[in-house]
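Reader: I am new to reading protein models and would like to know where the labels come from. Could you take me through some of them?

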Amino acid sequence: DIEKFSGLKLFGYLIAPFPMFKELALLKIYPALVLKLFGPLAKNFILVSIFIHFGNAGLVICLSRVLRLGARVGFMASLMYLTLFAHFQAYMDPMASQHLIAVFFIMLGLVFYLKTSSLMDANAKGRRRYYVWTLLINAAASFCNFPSALLPAAVFTHILVYAKGKHDRLRRYNTWMPLFIIYLVYPLLPVVYGHERLTRILAQYENNSAVHMFTSKMTVHAKFATLFFIGLSCLLMLRGLLTAYGRYNLKRFFKALFMALAAAAGAYLLILGGPRRLLIPYNMAVPFTGILASFLDPIRNALSVSTTEPWYAIPLQLSVFNFLLGGLVMFLFIKNFIVPKKENSVLVTWYLGTLLWLYLNPSIYSRYFIYLSPIFCVIFSAVVDYLYRRSIKTFRLNPAVEGVISILIFICLSVPNLLAIKLSLFRGRLANTFWT
């Protein structure tokens, strides 16, 4: 039917929100473009997804460079990302492309923001051009579902921890206020039109008078105006807090406020979920440990996956050794790459934000690992490179030889992941023809 639409009508249909999760703009624009350019065959969707996957691998290199981790770390992280078995369903499933595109915008938005921030700090030429491009990229990212919350949270984290002082923190926040306002426009439209997941959540509180008025009594325009005003008020409130923090000595007050809010949140989680909530630290480490175990022993994972299920669920090898190894990797990265380089704290926000989104889903499928795998690849590559550089100091090898050896190590680790992907695709064809 959309082939009969005029250009303006087609554009309106593609970006218009409807009261269905599958009617988000990204889930209409991408299929429409692929169908128009390449045709309806499933293999065309897979080829486009693989192309996007390679583009994301290039962005992993760019992200490593703007985080000042080095070109070698970027190359190794990119190689890991390309061949990682844990997330291969995200680009081999014709209808999982929205996850690849979301990761693309997350990394592209972070790369441009960090690059623009460094240019502004140096008062370098081209900073205004990069600033405009960053805003445009975030405007495009706001049409995705997940980056709508993650990118502004990562930017705000960077502003808080990377600023050189109280006044610099306020200056940075004022500079990037337009970026935050961007996410008060399109991301609110699916909400006011009845986002499927949000509707299910609000249905649990239908007896509340405020919720009932919002869902049943208010018009779409009134809902949007209300949410936009609330969001803008929160941004202005944050600006007022930063202004007060810079004008007065409120460090102890904010520290006490943060501790009180954290205690209140912990108490609320315990009351809501009971003793199970005490497992939150364990649950936070599970995805990272699972991806690490899958990377180190992918063949076992490939053989343990059931090919008869419609969605791939990869069993996580959560042994004590894997947990200890994952904890050591995270500790070394925090100690050597976050404490001295505060801009890397955006990876922490990215990881925690992804965990929150994952645990809001009723089921966590393997394709969702695509949101965490860039973080894992960057962290693991940086730590391995750090340990490797420390261990070879005693041998005094030529720097070029050192680089070749480290790359060969990662190639040896990546080859089993490629074999595991090939094995899973072969076993999948025996049970169904979804990937053929």
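Predicted model: local features only at pLDDT ≥ 70, side-chain atom pairs only at ≥ 80, totals over all residues.

Reader: What makes Glu 343 and Arg 68 a salt bridge?

Author: The closest N and O atoms of Glu 343 and Arg 68 are 2.5 Å apart. In general, side chains of opposite charge can pair when their charged atoms come close.

Reader: Where in the chain do Glu 343 and Arg 68 sit?

Author: This pair links distant parts of the chain, 275 residues apart. Glu 343 is in the loop between α18 (320–338) and α19 (345–359), while Arg 68 is in the loop between α3 (42–66) and α4 (71–83).

Reader: How do you know whether Glu 343 is buried or exposed?

Author: Its relative accessible area is 4%. Buried means under 20%, so Glu 343 is buried.

Reader: And why is Arg 68 called partly exposed?

Author: Arg 68 has a relative accessible area of 45%. Exposed means over 50% and buried under 20%, so a value in between is called partly exposed.

Reader: What separates Arg 171 and Asp 168 along helix α9?

Author: They are 3 residues apart in helix α9 (residues 166–175), which means about one helical turn. Arg 171 and Asp 168 form a salt bridge, with their closest N and O atoms 2.6 Å apart. Asp 168 is buried at 16%, whereas Arg 171 is partly exposed at 37%.

Reader: Why do Arg 300 and Asp 297 count as a salt bridge?

Author: The N to O distance between their side chains is 3.2 Å. The cut-off is within 4 Å, so this pair qualifies too. Arg 300 is exposed, at 53%, and Asp 297 is partly exposed, at 24%.

Reader: Which residues do salt bridges that share partners join into one network?

Author: Asp 121, Asp 168, Arg 171 and Arg 172 are joined that way. In total, the structure holds 7 salt bridges.

Reader: Now the nonpolar patch: which residues make it?

Author: Ile 299, Leu 303, Val 404, Leu 408, Ile 411, Val 415 and Leu 419 make a nonpolar surface patch of about 590 Å². Helix α21 gives the most, with 5 residues, and α17 (298–304) and α21 (399–431) each supply at least two.

Conventions: Residues numbered from 1 in each chain as written. Heavy atoms only, no water. Helix = DSSP H or I, 4+ residues; strand = E, 2+ residues; numbered from the N terminus. Buried < 20%, exposed > 50% of the residue type's maximum accessible area, 1.4 Å probe, protein only. Patch = residues over 30% accessible without salt bridge, like charges linked within 9 Å, V, L, I, M, F, W, Y side chains within 5 Å. Areas by Shrake-Rupley, 256 points an atom, 1.4 Å probe, with all protein chains shown as cover.
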